[in-house]
Amino acid sequence: MKLSEYKTVFIIVGIIGVVLIALPGLESVVQFPSAGQEAFSELYLLGPGRTAEGYPSTIATSQVYWVYAGVGDHLGQMAYYTVSVKLLNATDSLPNATLSVPSPVAPIYEYKVVVVDNQTLESLFTFSFGNLTSTSNQTAVLGGLTVNGAQVTVNKPAAFDSTLGGYQYDLVFELWLYNSTTNSIQYHNRFVDLILNYPSSKA
Amino acid sequence: MALAASPSVAGIGSVFAQSDSAKSQLQNAANAFAQAFAAVSDAQKAGANVTSLVNQLNSAGSSLSQADMSYARGDFNGTIAAAAATILATQSIVPQAQNLKSSAQASGHDAALSSVAFSIIGVAVFLTVLFLVWRYVKNSYMRSILDARPEVVEG
């Protein structure tokens with residue numbers, strides 16, 4: 001091996017060594033771009049046992065039911081969400097995921113959560129339905145329900161569904177996200193729903 | 001007729017005033033909550049441990065949700081009370097978040113400085129050692145070349 005070849009080996013070893021030793025110091029001064037990570041949020045419902053089973057489906061008057069609504073933040077930063085709960089009947093529009101539009105129905109309940117990046121937060125959601133009042137042979141109106149201990153007046157009509165033998169309601173949980181630039185809460189195009197059948201006494 | 005209508009007009013005016021006051025208080029609470037969220041978010045970005053502050057924020061968020069729901073129900077007294085509770089809760093969050101942010105920034109700055117210093121010293125030591133090794137290798141190489149030179153033999 002010639003001296004010039006030894007020199008080349010030393011220069012290469014020197015450059016690699018300097019880069020490796022200087023890297024921790026460089027990292028604390030220069031912000032290196034992180035590998036591209038998809039930013040998204042989660043919204044999910046768990047049953048009473050905090051598992052994905054045992055969801056309430058058939059409703060009895062005044063019986064208290066509960067589910068857990070979970071929100072997960074994978075946006076790369078802390079996020080401030082609003083979970084908006086809406087009660088829909090069979091003719092109300094669900095949120096439109098394609099157009100990113102929420103359901104036009106007014107919320108019956110809302111709660112706000114702040115979630116740290118890469119964490120989830122589960123909140124207990126209890127509800128019980130009040131009495132149905134028949135308005136005709138085929139329709140009835142739900143006067144109110146109790147949500148997390150608070151009485152909510154809804155006066156929500158529903159048509160009798162002969163296949164279900166009752167009246168169908170849909171509890172929709174929508175996820176909204178706070179936008180600090182506009183200082184407003186915006187629909188985040190995530191929703192989950194719980195279809196509930198209120199059996200009719202005539203069924 | 002006018003005399004009979006006066007009390008109800010005054011009553012309606014009072015309801016409107018209460019509604020305006022509740023709406024304004026609700027807006028103040030929402031702004032206070034957003035400011036507290038921004039302060040905690042900034043503290044976290046600076047590297048602070050904000051677990052406790054996030055719990056406090058979520059507690060204030062419950063009050064704000066309650067204020068929102070009360071307003072939607074037309075319960076203006078309930079709105080004002082819940083909004084006041086939100087503002088009170090967020091008032092203690094903002095200074096705590098700012099302190100945590102300052103501490104995190106200071107310790108982050110110190111850590112960065114010591115990391116840079118260690119890197120500079122490390123590079124200097126590495127280059128010195130490498131230079132000494134290079135000199136030794138070079139001298140050894142030269143010696144081996146000189147030792148291997150052909151000898152002139154008289155004959």
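# A guided tour of chains A and B

Start by selecting chain B: of the contacts here between residues at least 6 apart in sequence, 78% join residues at least 24 apart. What you have open is a predicted model, and its overall scores are ipTM 0.79 and pTM 0.77.

**Stop 1: chain B**

You will find 3 helices and 0 strands, so the order from the N terminus on reads α-α-α. Of the 155 residues in chain B, 29% count as buried.

Now colour chain B by pLDDT. The mean is 86, and 86% of the residues of chain B reach 70 or more. Which helix of chain B has the lowest confidence, and which the highest? Helix α1 of chain B (residues 2–45) is lowest, at a mean of 80, while helix α2 of chain B (residues 51–73) is highest, at 93.

Next, zoom in on residues 1–5 of chain B. Their pLDDT stays under 50, and the model gives them 0 contacts beyond four places in sequence. A word of caution for this stop: where pLDDT is low, the predicted coordinates should not be read in detail.

**Stop 2**

Move to chain A and select residues 3–29, which form helix α1. This helix has 27 residues and reaches 38 Å from its first C-alpha to its last, close to the 39 Å expected at 1.5 Å a residue. Follow α1(A) along to A:L23, where there is a kink of about 50°.

**Stop 3: where chain A touches chain B**

Keep α1(A) in view and bring chain B back. In all, 27 residues of chain A are in contact with 31 residues of chain B. On the chain A side, the elements that give two or more residues are α1 and β4 (109–115). Which of the elements gives the largest share? That is α1(A), with 13 residues. Colour this side of chain A by residue class and you will get 18 nonpolar, 7 polar and 2 charged residues.

**Stop 4**

Select β1 (residues 40–46) and β2 (residues 65–74) of chain A. These strands pair in the antiparallel sense over 7 bridges. For a landmark, show A:E42, which stands opposite A:G72 in β2(A).

Pick A:D73 to find its bridge partner in β5(A), A:Q119. While you have side chains displayed, remember that in a regular strand they alternate between the two faces of the sheet.

**Stop 5: two loop residues with positive phi**

Finish with a pair of backbone angles. Select A:S100, in the loop between β3 (79–89) and β4 of chain A. Its phi is near 60°, a positive value in a residue other than glycine. Is A:S100 buried or exposed? A:S100 is exposed, because 12 other C-beta atoms lie within 10 Å and the cut-off for exposed is 12 or fewer.

Now jump to A:N148, in the loop between β7 (139–147) and β8 (150–161) of chain A. This residue has a positive phi of about 45° although it is not a glycine. A:N148 counts as partly exposed because it has 18 C-beta neighbours inside 10 Å, while buried would take 20 or more.

Note on methods
Residues are numbered from 1 along each chain as its sequence is written. Chains are lettered from A and ligands numbered from 1 in the order in which they are written. Helices (H or I, at least four residues) and strands (E, at least two) are DSSP runs, numbered from the N terminus. The expected span of a helix is 1.5 Å times one less than its number of residues. The bend at a residue is the angle between axes fitted to the seven residues ending there and the seven starting there. Two residues are in contact if their C-beta atoms, placed from the backbone, lie within 7 Å. Ala, Val, Leu, Ile, Met, Phe, Trp, Tyr, Cys and Pro count as nonpolar, Asp, Glu, Lys and Arg as charged, and the others, Gly among them, as polar. Two strands pair if DSSP finds at least two bridges between them. pLDDT is the predictor's confidence in each residue, from 0 to 100.
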